[in-house]
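Visitor: I have a protein model open and would like to learn to read it. Please take me through some features one by one.

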Amino acid sequence: MNKAVSVIGLGKLGTPMAAAMAARGLRVVGVDTDENKVKLINECRPPVFEPGLPHTLHLAKGRLTATGDIEEAVRTTQITFIVVATPSEPNGGFSIKYVLPVCEAVGRALRSKSEFHLVCLTSTVLPGMTGGPVWEALERASGKQGGRDFGLCYSPEFIALGSVIRDFLNPDFLLIGESDPTSGELLESLYNVVCENHPQVARMNFVNAEIAKLAVNAYITTKISFANMLARICEQLPQANVDVVTNAIGLDSRIGGKYLKGSISYGGPCFPRDNLALTCLAHELGAPADIAEATHRFNSSQISWLADMVQQHAAPGETIGILGLTYKPDTDVVEQAAGILLAQELAKRDVPLVVFDPKGPRSVCAPLGDRVRFAASPKECIALAGVVVLTTPWPEFARIQDIEWARHNPPRTVVDCWRAFPHLSAADGVRYVSLGTGSTAPVRSAALTAASK
């Protein structure tokens, strides 16, 4: 494809997208108001943390440049991706306060272009936004007619931080909401060049694509919560193991094994807010949102449940250690992360805390007060705590030797939320509590027999 691409918004999604497309042979112009990000991109250095990004930038060298000038970037390219933030509103919806000024700048550039230009909105928005305010802003600023003089698509990405580049280049499917068939075909042909696999493509109108984006993530949060519910059940039954159960039901093609890892609450920048946005949409339309609401309630309750359980294993005044503050390994994002939420809950209860994360910034602990200490290493975090909770399964934690976990009189309690350290169940000086298993459950056979009558 002999097309040049501009990417507006060089954040945690926009930068890897721009780098990946350039690495696949396209000429790409990145745009951001942050001068430092522009400078770093032009120096072939990553402005955000993402595994594989330095290597991808190296592969993109000579084809990726950056600027702060939206209009110039649009004038010199044929396809523009808008990848700016759409912050959550108090009611759960999404704000397009950053999207609209970008659309106006893009429209001004389109006014002087004679050739057909495709604009693709990647940022997640509520249904009605792409074909409403976004479309109107582009037409008003350009003086042109959308679908004839320029094209518009809504094509959000289904990626996870920590694997953005892999997910972008190898998507399960491509979701394209299109203003007209020509625009949809042009975007699909671009992805045919960029993607390493051969994903299925779902093309449709704007509103169906906008609903589909929210629906995918809301469905996944429900699936995660179902697995977590099974984990809580298994913890109360001797010999039960949620992994055995979910591995079995995941073999059913109607269910599948993805996102069936029973553990603790989901977090991150997408799942919680997309579920709430779907609820917000349903309420505004007068439609029921019972399943999404139940999922949100259950997920929120997991933090207080975990705090109660952890406190039961700690002596009064004993320090509790938390290993992992990011919402998943291989990212520095702590938004709605279980480790952070657990620390906040325990700090409110005046529990002494020590925390550690390979990437989670120390600054996130500052609002938690003097009772939270950020350890210099995972070993220090373990050594200072009588109870240690693994909330994020970073690979480096698995390399800690058994002797580092041990403490005698009394033994140190290790609460493993992800069943990542089963070997600790036999370690001397460790009381191992594995979430999702009935390893410490009381015998309930008599009660269960009575309940079944």
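Visitor: Where is C44 found?

Guide: C44 sits in the loop between α2 (35-42) and α3 (53-60). Helices (H or I, at least four residues) and strands (E, at least two) are DSSP runs, numbered from the N terminus. This is a predicted model, where local features need pLDDT of at least 70, side-chain atom pairs count only at pLDDT 80 or more, and totals for chains, interfaces and linings use all residues. Residues are numbered from 1 along each chain as its sequence is written, and side-chain values use heavy atoms, with hydrogens and water left out.

Visitor: What is the phi of C44?

Guide: Start with the general idea. Most residues other than glycine have a negative phi, and most peptide bonds are trans. C44 has a phi near 65°, a positive value in a residue other than glycine. R419 is not a glycine, yet has a positive phi of about 55°. R419 is in the loop between β13 and β14.

Visitor: Which residues does a cis peptide bond join?

Guide: N409 and P410, with omega about 0°. P410 is in the loop between α15 (402-405) and β13 (412-416).

Visitor: Is C44 buried, exposed or partly exposed, and why?

Guide: Buried means under 20% relative accessible area, exposed over 50%, partly exposed in between (1.4 Å probe, protein chains only). C44 has 24% relative accessibility, so it counts as partly exposed. R419, at 11%, counts as buried. G286 is exposed, with a relative accessible area of 68%. G286 lies in the loop between α11 (271-285) and α12 (290-312).

Visitor: What does T437 touch?

Guide: Contact means heavy atoms within 4.5 Å. Not counting residues up to four places away in sequence, T437 touches C234, E235, A240, N241 and R419. T437 is buried, at 9% relative accessible area. T437 lies in the loop between β14 (430-434) and α16 (445-452). A polar atom of the T437 side chain is 3.0 Å from the backbone oxygen of S434.

Visitor: How do I check the span of helix α8?

Guide: The expected span of a helix is 1.5 Å times one less than its number of residues. Helix α8 (residues 181-194) has 14 residues, so it should span 20 Å. Its end C-alpha atoms are 20 Å apart, which agrees.

Visitor: Which residues of α8 are buried?

Guide: S183, G184, L186, L187, L190, Y191 and V194. Seen down the axis of α8, they fall within an arc of 160° (taken from the directions from the helix axis to the C-beta atoms), so they line one face of the helix. The face turned away from that buried side carries the exposed residues P181 and N192.

Visitor: Which residues have the most contacts inside the largest nonpolar core?

Guide: In soluble globular proteins, nonpolar side chains tend to be buried together. A nonpolar core is a set of buried Ala, Val, Leu, Ile, Met, Phe, Trp, Tyr and Cys residues joined through side-chain atoms within 4.5 Å. The largest here has 50 residues, and I320, L323, L325, L353 and W405 have the most contacts inside it. Helix α13 (residues 338-348) gives the largest share of this core, six residues. Apart from it lies another core, of 40 residues, among them A18, C120, I159 and I176.

Definitions and conventions:
Polar contact = N/O pair within 3.5 Å; in protein donor to acceptor, adjacent residues only side chain to side chain.
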